[in-house]
Amino acid sequence: MTRLISGALLLVAVVAALWFLPPPGVLAIAVVVALLAFREYIEIASRAGVRVSRPAGAIAVALACVAVGMPGLPVEAAIAGATLGLSAIAVGNAMRATTGGETGAALQATAISAFAPL
């Protein structure tokens, strides 16, 4: 019964926000909700043993949410930038884990192997 009442109150709050707030206010609420959903995702991932970068992921979620919510902003550029940034973090963490913290040597080895003839 408690979930039903809280769901009904949440529905009233969402309808009131959509009705009375200007578009930037609704976008701000959407960003907050997306960040709360990301926090839930992090908790689920940590229970499964997966480590997720909280700051980088939160920035990517907020950036994607704002890019989709604002007309005229290039959504593809925002998502590509977030994907590139998260990929760089993942590669850096993987190299740090395999080299014991020496990222300079790992980056040099990666660059050499990337341009080495097959």
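## The N-terminal residue

Met1 is found in the segment before helix 1, where helices (H or I, at least four residues) and strands (E, at least two) are DSSP runs numbered from the N terminus. With a relative accessibility of 75%, Met1 counts as exposed, the classes being buried under 20% relative accessible area, exposed over 50% and partly exposed in between (1.4 Å probe, protein chains only).

## Basis of the model

This is a predicted model, in which local features need pLDDT of at least 70 and side-chain atom pairs count only at pLDDT 80 or more, while totals for chains, interfaces and linings use all residues. Residues are numbered from 1 along each chain as its sequence is written, and side-chain values use heavy atoms, with hydrogens and water left out.

## Helix 1

Helix 1 covers residues 2–20, and its end C-alpha atoms lie 27 Å apart, which agrees with the 27 Å that its 19 residues should span at 1.5 Å a residue; the expected span is 1.5 Å times one less than the number of residues. Of these 19 residues the number buried is one, so helix 1 lies largely in the open.

## The whole chain

The chain has five helices and zero strands, and its elements run α-α-α-α-α from the N terminus on. Of its 118 residues, 14% count as buried. Among contacts (heavy atoms within 4.5 Å) between residues at least 6 apart in sequence, 39% join residues at least 24 apart.
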